[in-house]
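Hi,

Here is the structure I promised to pass on. Have a look at it first, and then read my notes below.

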Amino acid sequence: MSRIKQAAPDLDESTLKSIEMDLLIENGAIHHVAGYLEKRAIRNVIIVADAITYEIAGKTLQESIDHVGISSHVTLIKPNAQGDVIADEASIIQLVIDIQQVSPELIIAAGSGTVHDVSRFAAYTTGIPFVSVPTAPSVDGFNSKGAPIILRGEKKTIQAIGPDAIFADLAILTQAPRTMVAAGFGDMIGKYTSLFDWKFGSIVAGEPYSVAVADITRNALISCVEQVESIAAREEEGIRTLISSLIESGLAMLLFGQSHSASGAEHHLSHYWEMEYISLGKRQLLHGAKVGVACIQISQLYHQLAESSFAEQLHVDATDEDQQERAAAIQSHWTEIQQEVANIPDAKVLANLLQQVGGPTLPSELGIEPELLNRSLQEAHHVRMNRFTLLRARNELL
């Protein structure tokens, strides 16, 4: 919590206490899970993993937990027909049924983003807590309350619960595939545009905003950028910085109660592409890889808009009061909005950062065809219609 306090010194102790959890980031952290369970007098747990993350962490967890006499059951989330483990109805029902059968007191999520999303939603639904054991520094959702779930082919973020504890083992995380490390860095790079969109939504649409939460997220982002070389080399200090920053971004979302600080138009593009791939039966892409590429696209678009006569070209439906108010707000605050856009690095700078960690920078590297890219830039704002991003303003008011 010390970095949180440094990033936002005005936060009071009661606010910090609201997001308090046990957090251990060190070599061998996984070996402290059994002792943690003993201290809590937990006697029966369920370990959630997939076939890969079970070998990375789940097996060690099961052995150490069994060794101290705690009963454990393992649920390996099954892949879909394309071979992807996804957070959808089938995965959730698989876990919920296992929970009903073995009646665990606690869930341990051993994996990356998808395993955590399935675990947090199942934990919330069944009324039991969960503990996080990340196997790769790939996303900022380990300690989020929001569970992005695929329901009937559509991506919906549903409020659930955060973990009671996180055990981030650097010995495991530094061995994560380079693509997973790059994905985590890409998820953090996306904060450049998400922080802008949050500020834009507060200025134009009156969306709630927190300077303290924005500062926490921005400082976590800056820490990653400053350590890009160490992260790229998967050095312990670099990976510590990356996983710490991802967790801090999650804590910022917990503080605010929503994901504005970490999810803007770049995430809406990512979700749009994901839903398209599911509908076509194509293999999924790493979330952070999509976010990084989408951030570059959004940065390029936003800089173009800021340098244009966008504010003067707005076309408003005379019968839509919301559109009228938002157009007026854009026009009256246009200089401020342009200054905020200037804080977003341009596409070349972002691409250079992602290239350093070995991440993709172009839609074509992800298999995103020009038609899908253009369509997503026109329609992705529909993914989260409770957010007013500059992308949405461009699509609705031009």
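This is a predicted model: local features need pLDDT of at least 70, side-chain atom pairs count only at pLDDT 80 or more; totals for chains, interfaces and linings use all residues.

I'd start with strand β4, residues 106–111. Six of its six residues are buried, so the strand is largely enclosed by the rest of the structure. Buried here means under 20% relative accessible area. Both faces of β4 are covered: one side has Leu106, Ile108 and Ala110, the other has Ile107, Ala109 and Gly111, and all are buried.

What does β4 pair with? Strand β2 (residues 44–49) runs parallel to β4, with four bridges between them; in that pairing, Ile46 has Ile107 of β4 as its bridge partner. Strand β5 (residues 130–134) is also parallel to β4, joined to it by five bridges, and there Gly111 sits opposite Pro134. Helix α6 (residues 113–126) belongs in this picture too: β4, α6 and β5 form a right-handed β-α-β unit.

The other thing to look at is the second largest pocket, with about 180 Å³ of space. Two elements give two or more residues to its lining, α9 (191–205) and α10 (211–226). Which one gives the largest share of the lining? That is α9, with five residues. Among the lining residues are Lys191, Tyr192, Phe196, Arg218 and Glu340. By type, the lining splits into seven nonpolar, one polar and four charged residues.

Cheers

How values were computed. Residues are numbered from 1 along each chain as its sequence is written. Side-chain values use heavy atoms; hydrogens and water are left out. Buried means under 20% relative accessible area, exposed over 50%, partly exposed in between (1.4 Å probe, protein chains only). Two strands pair if DSSP finds at least two bridges between them. A crossover is right-handed if, with the strands pointing away from the viewer, the path from the first strand over the helix to the second runs clockwise. On a 1 Å grid over the protein atoms alone, a cavity is a set of points where a 1.4 Å probe fits but cannot get out, and a pocket is an open set with protein on both sides within 12 Å along at least five of seven lines; lining residues have an atom within 4 Å of a point. Grid points are joined across faces, edges and corners, and a volume is the space filled by probe spheres set on the points. Ala, Val, Leu, Ile, Met, Phe, Trp, Tyr, Cys and Pro count as nonpolar, Asp, Glu, Lys and Arg as charged, and the others, Gly among them, as polar.
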